[in-house]
Amino acid sequence: MSNSQQIFEAWLAGKITASECEQQLGQNSVQKDDPNGEWYSRFQTAQMIQRQAKAPFFAPVPEIDTMSIFAQQWQRPAKSSNWWPKLSVAFSVLALVVSLSPLEMQMQDGGLTLSWRGGQQMQQQQLETLLASYRKEQQDYVQTQLQSTQQQQASQLILLKDYLTEQQTKERRTDMLELVEYLNQQRQSDWHYWQENYQPSQARLDTSAVYNPDQQRSGVRKP
Amino acid sequence: MFKRSDESLIEKAIGGDAKAWQQLVSRYQAPLYYFGLRLLGSPDDARDLLQDVLMVLCRNLAQYRGDSSFKSWLFGIANYRAMDMLRKRKATTEFTEDHDFYDDEAPSFEQQLYGQHTQRLVQQQLRSLPPEQRLVVELRFYQQFTFDEIADQLALSSNTIKSRFYAALDKLRTQLELTDVEQSANF
C-alpha cells in the first residue's frame with residue numbers, strides 16, 4: 001500500500017481533514033511518489049461525490065404497507081385475561097405449602113397469625129433442658145458445699161472435743177487442788193479452834209498435858 | 001428526545017409491538033428507497049426493492065443476531081436483492097436508466113439551478129458504472145459504510161472492495177472529464 005493510498009484512506013476514514021489530505025497528496029505528486037497524480041485525482045473525484053452524497057434528496061418516499069405482514073408474522077392474539085384459573089392454582093399451591101411446611105395460620109381475635117408449628121414446644125423443650133441443666137449444676141454445687149461443710153464441722157467437732165476434754169481435765173485438777181486447799185484450810189481452822197478452845201481447858205485439866213510437840217500421848221499433832 | 005436503539009426496537013417488534021416495527025420501518029424506509037433509486041435508477045424498481053426488503057426484513061427479523069450493526073445487516077439484504085433485480089433486468093431488457101426522479105419536489109430555486117443539475121450529472125455518471133462498482137460507491141459514500149463493512153455485506157475481501165472502489169473513481173473521473181470537454185465544446 002503506497003503512502004498516497006494511506007493518506008487517501010485516512011481521509012475517507014475521517015482521520016485527517018480534506019485540506020490535510022489535499023496538501024499531503026499534492027506533496028507526494030511533487031516528490032514522485034504519485035507522479036501521475038492518480039491519488040490526487042481520485043481524491044478530487046471522491047470529494048465531489050461525497051459532496052453530492054451529503055446534499056439532501058427530495059424524492060418522495062412511497063408508503064409501503066408492512067403492518068399486515070407484520071401482524072401476520074409477529075402479532076399473536078391477545079391472551080385471555082381470565083385470572084381465575086391462575087388464582088386457583090396459586091391458592092392450591094399456597095395451601096399445599098402451608099399443609100406441608102410447619103407454617104401455621106391462626107385466626108384469633110379477628111387477626112391472622114402466621115407461625116411455625118412446634119415453635120412453642122421447641123422453646124419449652126429448650127427451656128426445660130436449660131432448667132434441668134441448671135438444676136443439676138445447682139445440686140452438684142450444693143452437694144459439694146454440704147460435703148465440705150460436713151468435713152469442716154467434723155474437724156471442728158474433734159477440735160472442740162479435744163478442747164473440752166483438756167478444759168475438763170484442767171478444771172478437775174483445779175477442783176482437786178481447791179479441794180485439797182480447802183481441806184488444808186479446814187484442818188488449819190480446826191487446829192486453830194482446838195488450840196483456842198480446847199487446849200487451855202486441857203491444860204487446866206492436865207498441866208502435863210500442855211502441848212508438847214514431843215509428847216505423843218495426847219495423840220494430837222500439830223498440823 | 002431519547003432515541004431507541006435498533007436492537008431495542010427489534011426486540012419489541014419480535015414481541016409483537018406494532019409501534020416499534022413502524023418506528024423501525026420509518027427509520028430506514030427513506031435510506032432504502034434512495035439506495036434503490038440511485039442504484040436501479042427507477043422509482044418503480046426502487047419501490048419494489050423497498051417493499052421486497054421490508055418484507056424480507058419482517059420475516060427474518062428474529063434472525064438478526066447483533067454481530068454487525070442493524071443497518072449493515074439490513075443493507076446486506078438490500079444489496080443482495082438489488083443486485084438480483086439488476087441481473088434479472090439485464091437478462092430481459094436493456095434498461096435505459098434515464099428516469100428523472102428529481103423533478104417531483106423542488107424545495108428551492110437555488111437547488112433547482114445548481115444542486116439538481118450537479119446531482120443529475122453525478123447520478124448519470126454513477127449509473128454508467130458497472131453494477132458492482134456502483135454498489136460499492138453507493139455503500140461507501142451514500143450509506144457511509146467502511147470498506148470492512150461492505151466486504152462483510154457482500155461476502156468479499158476488503159481488497160476486492162477497494163479495487164472496485166478505486167476503479168469506479170477512475171472511471172467516474174474519466175467520464176466527468178469527457179462531459180466537461182463536451183460541455184465546453186457546446187459553448
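Read along the sequence, chain A runs α-α-α-α-α-β-β-α. That pattern holds 6 helices and 2 strands. The model is a predicted one.

**Chain A on its own**

Chain A has 223 residues, and buried residues make up 8% of them. Take the contacts in chain A with a separation of 6 or more: 30% of these join residues 24 or more positions apart.

**Where chain A meets chain B**

On the chain A side, 25 residues are in contact with 35 residues of chain B. Two elements of chain A each give two or more residues to this side: helix H3 (38–54) and H4. H3(A) gives the most, with 8 residues. By class, the side of chain A that touches chain B has 16 nonpolar, 7 polar and 2 charged residues.

H4(A) also takes part in a helix pair across the two chains. The crossing of H4(A) past H3(B) is right-handed. H4(A) brings A:Ile69, A:Phe70 and A:Gln73 to the contact, while H3(B) brings B:Met55, B:Cys58 and B:Arg59. These residues divide into 4 nonpolar, 1 polar and 1 charged.

**A helix pair within chain B**

Helix H1 (residues 6–14) packs on helix H2 (residues 18–40), both in chain B. The angle is about 140°, and the axes are 7 Å apart. Only angles over 145 degrees count as roughly antiparallel, so H1(B) and H2(B) are classed as oblique to each other. Their crossing is left-handed. From H1(B), the contact uses B:Asp6, B:Leu9, B:Ile10, B:Lys12 and B:Ala13. From H2(B) come B:Ala20, B:Trp21, B:Gln23 and B:Leu24. By class, the contact has 6 nonpolar, 1 polar and 2 charged residues.

| H1(B) and H2(B) | 7 Å | about 140° | left-handed | 6 nonpolar, 1 polar, 2 charged |

Terms used
Residues are numbered from 1 along each chain as its sequence is written. Chains are lettered from A and ligands numbered from 1 in the order in which they are written. This is a predicted model: local features need pLDDT of at least 70, side-chain atom pairs count only at pLDDT 80 or more; totals for chains, interfaces and linings use all residues. A crossing is left-handed if the near helix is turned anticlockwise from the far one by less than a right angle, and right-handed if clockwise. Helices (H or I, at least four residues) and strands (E, at least two) are DSSP runs, numbered from the N terminus. Two residues are in contact if their C-beta atoms, placed from the backbone, lie within 7 Å. Ala, Val, Leu, Ile, Met, Phe, Trp, Tyr, Cys and Pro count as nonpolar, Asp, Glu, Lys and Arg as charged, and the others, Gly among them, as polar. A residue is buried if 20 or more other C-beta atoms lie within 10 Å of its own, exposed if 12 or fewer, and partly exposed in between; C-beta atoms are placed from the backbone. Axes are lines fitted to C-alpha atoms, for helices over the stretch in contact, and angles run from 0 to 180 degrees between N-to-C directions. Angles under 35 degrees count as roughly parallel, over 145 as roughly antiparallel, 65 to 115 as roughly perpendicular and the rest as oblique.
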